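Look at the structure first.

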Amino acid sequence: MPRQPENDVIMTRPKIAIVGAGWAGLSAAAHLVEHADVALYEAGRVAGGRARGVPSDEFSFLDNGQHLLIGAYQAVFRLLDKTGMDWRRHFYRQPLRWYLHDGLRFEAAWSLPAPLNLLTGLLRGEGASFGEKMALVQQLKHLQAHHKRQLPDQSVLSWLEGQGVSRKWLLEFWQPMVWGALNTPLDEASLNVLCNVLADGVWAGCELSDYFVPRVDLTRAFAMPIVGYLQQHGAAWLPNQRVKRVLLDNHRGVRVDGERFDGAIIATAPYHVESVLPPSLGDNIRFVVNSLQYYPITTVYLKYARAFRLPALMTGFAEGTAQWLIDRRRLTGANEIAAVVSLSHRIRATNVQWAQRVHRDVLRVCPQVGKPVAWQVITEKRATIASHVNRVVPTQARLNQYGIWLAGDWLHPRYPATLEAAVQSGAMMAQAVLQRFAAGSEAA
């Protein structure tokens with residue numbers, strides 16, 4: 001049986017271990033470091049987790065996935081502001097634009113408030129008749145009304161079927177949007193989670209739907225500035241140190257690799273949580289972790305000898321191997337394309353076949369581009385946790401009693417597994433830690 005927690009833990013500046021330097025762990029550390037003695041452990045040699053740079057001699061930069069930020073990622077941008085870095089030079093900013101080579105094309109009307117900017121942009125768009133546009137506008141209005149009623153959750157597909165949505169809008173709008181936002185099949189994806197994403201983004205304000213596309217790898221754009229900020233404030237940065245287990249201390253607090261701490265935030269990927277938790281705690285956490293389902297995302301990078309220009313920064317396909325082609329000439333000047341394939345388990349292909357298939361997509365919009373001179377395929381097999389209907393977020397109350405907190409995108413109560421969800425989760429757990437020790441100090 002675990003020891004009973006003690007109520008006399010009084011620390012004006014607690015000593016906190018953070019296990020895992022993904023975006024949640026980095027966020028937790030950055031929000032704690034001015035108020036606590038922080039040690040940040042990372043099993044790998046670099047920070048960033050599932051959103052970090054990958055070394056490359058062939059390309060201007062590579063990430064272990066193609067990550068798009070939007071203006072609604074306010075917690076991410078506030079955290080970057082905290083470092084004092086001019087992070088905006090590392091991102092290409094563009095107002096919301098939807099461009100399918102084989103379908104709908106529109107731009108949000110910048111001069112109007114949300115959601116009128118989106119609705120007006122749709123009505124002015126191309127690739128659909130006026131009647132078809134009005135049908136889509138009505139679908140979006142009905143979804144917003146549905147969200148305000150706070151009804152029980154259901155799958156996105158079941159709601160769309162209830163609305164009588166046409167195959168055109170299924171392929172040209174709803175499917176690419178849900179795959180991009182939730183990386184979950186329509187028949188499994190949570191309608192309430194999708195509504196939360198829309199409510200805090202395109203429905204909330206014009207600038208919140210802007211794209212922020214990285215011009216450099218995410219290690220340079222995010223992880224390195226945060227690690228630098230932590231070190232400037234005295235945190236211990238401990239790469240290449242895999243924590244085997246967080247153990248309860250006989251007196252109070254926890255032990256991490258033999259060192260005593262007043263508390264610990266476990267910010268690893270969920271499939272590593274079970275091995276790190278104390279054996280005597282967290283059975284409910286283990287149950288939830290074992291029930292999670294993961295979906296992959298494949299990113300195909302292609303480099304060409306000839307200059308080209310895609311029709312849009314993000315050129316999509318309703319029907320193709322790639323959902324989106326990102327024009328890197330607009331980002332870095334390099335003759336490169338990054339192609340995003342959500343739910344890539346649907347296609348069985350070798351890396352060579354991935355490159356060939358995506359190149360055929362490129363030829364549809366740039367037939368004179370020639371053959372690629374270099375390619376790279378990166379598949380994150382567990383890129384995201386599925387945003388299932390009525391997804392369960394485990395309670396942490398018992399863990400918290402013993403000075404252990406969990407952070408990660410999979411724990412966010414409202415959002416899918418995104419960078420913003422990870423950063424918000426880390427910030428929330430840091431606040432919980434500070435409140436715990438502030439309360440203990442007052443009790444003394």
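The turns below take up salt bridges, then cavities.

Q: What kind of model is this, and how are residues numbered?
A: This is a predicted model: local features need pLDDT of at least 70, side-chain atom pairs count only at pLDDT 80 or more, and totals for chains, interfaces and linings use all residues. Residues are numbered from 1 along each chain as its sequence is written, and side-chain values use heavy atoms, with hydrogens and water left out.

Q: How many salt bridges does the rule count?
A: Side chains of opposite charge can pair when their charged atoms come close. The rule asks for a side-chain nitrogen of Lys or Arg within 4 Å of a carboxyl oxygen of Asp or Glu. The count here is 17 salt bridges.

Q: Where do Lys168 and Glu172 lie relative to each other?
A: Both belong to helix H6 (residues 167-182), four residues apart, or about one helical turn. Helices are DSSP runs of H or I with at least four residues, strands are E runs of at least two, and both are numbered from the N terminus. The closest N and O atoms of Lys168 and Glu172 are 2.9 Å apart.

Q: Is Glu172 buried or exposed?
A: Buried means under 20% relative accessible area, exposed over 50%, and partly exposed in between (1.4 Å probe, protein chains only). Glu172 is buried, at 10%.

Q: Which parts does the salt bridge of Asp200 and Arg414 tie together?
A: Asp200 and Arg414 pair at 2.7 Å, N to O. Asp200 sits in helix H7 (residues 191-200), and Arg414 in the loop between strand S20 (404-406) and helix H13 (419-443), so the bridge links parts 214 residues apart in sequence. Asp200 is partly exposed at 26%. Arg414 is partly exposed at 31%.

Q: How many cavities of 30 Å³ or more does a search of the whole structure find?
A: Rolling a probe the size of a water molecule over the atoms shows where empty space is left. A cavity is a set of points on a 1 Å grid over the protein atoms alone where a 1.4 Å probe fits but cannot get out; lining residues have an atom within 4 Å of a point. Points are joined across faces, edges and corners, and the volume is the space filled by probe spheres set on them. The search finds two cavities.

Q: Which residues line the second largest cavity?
A: The lining is Pro115, Leu118, Leu119, Leu140, Lys141, Gln144 and Trp203. Helix H3 (116-124) and helix H4 (130-148) each give two or more residues. H4 gives the most, with three.

Terms used:
1 Å grid on protein atoms, 1.4 Å probe; cavity = no way out; pocket = protein on both sides within 12 Å on 5 of 7 lines; lining within 4 Å.
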